[in-house]
Amino acid sequence: MGGRGRDWDAGRRGRNEEHDDLERHDAPMEATPDALVMVDGAGVIRAVSGRAEMLFGHRRDELLGRPAALIVPHLRCGTFCGRHPLHHCEHVRQEPSMATRVQLSGLRKGGTEFPIEIMFSALHDTDGVLVCAAIRDISARAADQETSDLAAMVRSSRDAILSKTLDGTITFWNSAAERLYGYTAEQAIGMNVAMLAPPDHQPEIATLLERLSRGEHIENHETIRVTREGRILDVDVTLWPIRDSAGTIVGACAIIRELTERQRAQELTRLYEQQRQLALTVQHTLMGTPGQVPIQTAGRYLPATRGPGVGGDWFDLIPLPGGRVGMLIGDVMGRGLEAATVMGQLRAVSNALAKTDLPPAQLIQALDAVLTDLPTQMATCCYLVVDPETGEATVCSAGHLPVLIVNADHTVHPLPAPISMPLGVGGIAPEHPPRQAQFTLPSGSTLALYTDGLVETRTSDLDTRLKNLEAALGLAARDGLSLDKTADSVLAALLPDASTYDDVTLLLARLPATPVATARTDLPGRPEAVADARHFCAATLASWAALRPRTSAMPGTLIDTAVLLTSEIVTNAVRHAQGPVDLVLRHSERELTIQVSDRSTLQPQARLAGPDDETGRGLQLVDALADRWGSRPSNDGKTIWCTISTDVSD
C-alpha cells in the first residue's frame with residue numbers, strides 16, 4: 001500500500017512516543033492474512049493493517065482515533081454483557097496469554113453488514129495493554145453453512161422436489177420424489193422430466209419449460225403425472241427458474257404435491273369462497289347506498305347461499321322534489337358477476353334519471369333502451385313515486401312481481417298496477433310505451449317491494465308463496481312490529497333455513513299515519529283566478545296559524561310570502577298554460593309547499609326581463625323568495641312547486 005500502507009499514523013495528536021511504540025508492531029500486522037485492529041483502553045482505534053482497510057472500505061485516516069463501534073457495531077455481543085467487544089475485554093487484558101474467539105457482524109463503509117470472526121489478544125504498550133483483534137470475513141463459510149442447511153431441508157422435505165436443466169434433464173431428486181414417483185435418485189437423475197407425464201400431457205412439459213426459460217414463476221399448476229408403475233397422479237406443481245451468478249437462467253426447480261380427493265375438495269372450496277367474497281364485495285359496491293328519504297323504510301339484501309352467491313337484485317330510495325320519494329327495485333336475470341355488473345349499470349342510470357324527476361313510465365322506457373344495447377340481458381323492474389303527504393302514488397312495472405300494500409287494519413293486497421314487458425326483450429318501444437298507473441294510498445299503509453328470490457322455490461307454487469308473504473306481512477302488522485323487525489320476521493318466515501338458490505331483496509316503506517295539513521282548490525284558467533288563489537292561500541294559512549302556535553310566531557311574513565308566490569305561479573299558469581288550474585297547499589312540521597298544476601306540458605323557462613318589460617320577472621321572484629322550487633311533468637300537464645320554511649329556528 002506504499003508509504004501510507006507502512007504509516008501507522010497513530011500520532012496525529014502529537015504523541016511521537018506512541019507512534020514509535022506502534023511502529024514496532026508494523027511488520028507483524030502486515031504479515032498476517034487477517035485484518036488487524038488495535039484498540040486502546042478507551043475503545044479508540046490506535047492502529048489498523050492494510051487488510052483492515054480493504055475489509056471495511058475505510059482509509060486508514062478515517063479509522064484512527066475513531067471508536068471501534070464504527071466497524072464492529074454493538075450487535076449480538078452476548079458474552080460481553082452489553083459492552084463493546086473490542087473495548088471491554090477485561091479477561092483478555094488480565095490474562096494476556098489467553099485469546100478469545102467470537103463471531104459477530106462487521107460494518108462496511110457503505111453500511112452493509114457481513115459476518116466476521118474475531119480473535120482477541122493482548123499487546124503491551126507504553127501506556128498499558130492494547131487489545132489486538134484479528135478479524136476474518138466468514139461470509140463464504142456462512143454461505144456454505146446456509147447452503148448445507150438448505151440442502152438438508154430439501155432432502156428431508158415431505159414434498160417432492162426436483163431440479164432440471166432447460167432441456168428437461170433431471171439434476172436433483174429428493175427422497176420425497178422417490179416415494180411419490182417410484183424412481184430412485186440414481187434412476188431419475190440424468191433422465192428427462194417428460195418421463196413423469198402421460199402421453200397426452202407431453203406437450204405440456206415443453207410449454208412449461210418454455211415459460212420457465214422466459215423467467216416465469218408458475219404456482220399451483222394442477223396437472224396429471226404418472227409413476228414408475230404407471231399409476232396416474234393428480235398433482236399440484238410449483239416451478240421457478242434457477243439463475244447462475246451472472247443472472248442467466250440455467251434451469252428450473254419444481255415442488256410437487258399430490259392432490260388427494262379431500263385436498264382437491266378443500267382447495268376448490270377455498271377458491272370458491274374466495275371468489276364468492278370478492279363477488280359479494282363487488283356487488284355491494286355496485287348497489288351503492290340508498291338516499292335519505294322523509295319516510296320510514298327498511299331494506300334487506302341476502303346473497304344466494306348456493307352457487308356464486310351474487311346476482312342482479314338491487315333496490316334504491318331517491319329523495320324527490322316536493323318531499324316525494326322514489327322507490328325502485330329490480331332484478332337482472334342470471335347470476336354471478338355478469339349479472340351484478342349489469343345491475344350496477346342499471347342502478348346508476350335509474351338513480352340519475354330519477355333525480356331529474358322523470359315520470360316512472362319514461363324512466364322504465366329509458367332503462368329498457370339501456371338494456372337493449374346489452375345482448376342476451378333481461379331484467380324486471382318496478383319504479384314507484386309516492387307523495388307521503390297526500391298518499392298519491394304513481395307506479396310503473398316492467399315484468400316485476402306486484403307491490404303489496406299493508407293497510408292500517410292489517411289487511412294485505414297487491415297494488416293493482418298494470419305490468420308491462422320485462423326490460424330488454426323488445427316489448428317496450430315508443431309506439432308501445434310502458435303503462436303507469438296512479439293510486440291514492442291510505443295513511444299509515446306500508447308498501448312491500450321484493451324480488452323473486454323471496455317467493456320462488458323449486459318445490460312450491462308461486463301463488464302459494466305470495467299468499468305466505470301476505471300472511472307474514474299481516475302478522476307483523478298485527479304484532480305492531482317496526483319495519484326493521486317486520487323485514488326480519490318476513491325473511492325468517494319465508495326462508496326458515498336461510499338456504500336460497502337466488503339472491504333476495506326486500507324493501508319496506510311506511511307512509512305517515514297522520515297526514516299533514518293539506519288544502520286544495522280548482523281554479524279556472526282565467527285572469528280572475530289569480531285573485532281567488534291569493535284569497536284562498538291567505539285564508540288557509542290564517543286558519544292553520546290559529547291551530548299551530550309555532551307558525552303564528554311570524555304569521556305576517558310567512559303568509560305574505562306564500563300569497564305572493566302563489567300569485568306569481570298561478571299568473572304564469574293562466575297566461576302561458578291551459579286551464580283548469582289546481583292549487584294545493586301542504587303544511588308540514590318544517591315547511592310549506594305550494595303546488596300549481598295546469599294542463600300544458602311546456603316547462604317554465606326563466607328569462608331576464610328588460611327595464612321596460614312588464615313580464616318575465618315571475619320566476620325570478622319565485623327563485624328569490626322560495627327555499628326550493630321546481631317543475632315536474634304529469635300525465636296531463638305539469639306541476640310547478642315551491643317550498644318555504646315554517647321553522648321558527650331557521
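Helix H16 (residues 483-494) lies across S11, S20 and S21 and runs at about 30 degrees to S11. Helices (H or I, at least four residues) and strands (E, at least two) are DSSP runs, numbered from the N terminus. Axes are lines fitted to C-alpha atoms, for helices over the stretch in contact, and angles run from 0 to 180 degrees between N-to-C directions. Contact means heavy atoms within 4.5 Å.

This is a predicted model, in which local features need pLDDT of at least 70 and side-chain atom pairs count only at pLDDT 80 or more, while totals for chains, interfaces and linings use all residues. Residues are numbered from 1 along each chain as its sequence is written, and side-chain values use heavy atoms, with hydrogens and water left out.

**Exercise 1. Work out the order of the strands in the open sheet of five strands, and find which strands stand at the edges.**

Step 1: The order is S11-S21-S20-S16-S17, with antiparallel pairing. Two strands pair if DSSP finds at least two bridges between them.

Step 2: Strand S11 (296-302) and strand S17 (412-414) are the edges; each has a single partner strand, so one side of each has no neighbour in the sheet.

Step 3: On average, neighbouring strands of this sheet are turned by 20 degrees against each other, direction ignored.

Step 4: Look at one pair. S11 and strand S21 (residues 504-510) are antiparallel over seven bridges, and Thr297 has Ala509 in S21 as its bridge partner.

**Exercise 2. Describe how H15 is placed against the strands and against H16.**

Step 1: Helix H15 (residues 462-478) lies across strand S16 (404-406), S17, strand S20 (446-450) and S21, at about 25 degrees to S16.

Step 2: The axes of H15 and H16 come within 9 Å and cross at roughly 145 degrees.

Step 3: On the H15 side, Arg465, Asn468, Leu469, Ala472, Leu473 and Ala476 meet Thr486, Ser489, Val490, Ala493 and Leu494 of H16.

Step 4: Sorted by class, this contact of H15 with H16 has seven nonpolar, three polar and one charged residues. Here Ala, Val, Leu, Ile, Met, Phe, Trp, Tyr, Cys and Pro count as nonpolar, Asp, Glu, Lys and Arg as charged, and the others, Gly among them, as polar.

**Exercise 3. Do likewise for H12 and H13.**

Step 1: The axes of helix H12 (residues 337-355) and helix H13 (residues 360-372) come within 10 Å, crossing at roughly 145 degrees.

Step 2: Val342, Leu346, Val349, Ser350, Leu353 and Ala354 in H12 meet Leu363, Ala366, Leu367, Val370 and Leu371 in H13.

Step 3: The residues of this contact of H12 with H13 are 10 nonpolar, one polar and no charged.

**Exercise 4. Characterise the lining of the largest pocket and of the largest cavity.**

Step 1: On a 1 Å grid over the protein atoms alone, a cavity is a set of points where a 1.4 Å probe fits but cannot get out; a pocket is an open set with protein on both sides within 12 Å along at least five of seven lines; lining residues have an atom within 4 Å of a point. Grid points are joined across faces, edges and corners, and a volume is the space filled by probe spheres set on the points.

Step 2: The largest pocket has a volume of about 700 Å³. Of its 31 lining residues, Glu392, Thr394, Gln438, Ser634 and Thr639 are the closest to its centre.

Step 3: The pocket lining has 10 nonpolar, 10 polar and 11 charged residues.

Step 4: The largest cavity holds about 110 Å³ of space, and its lining has 10 nonpolar, no polar and two charged residues.
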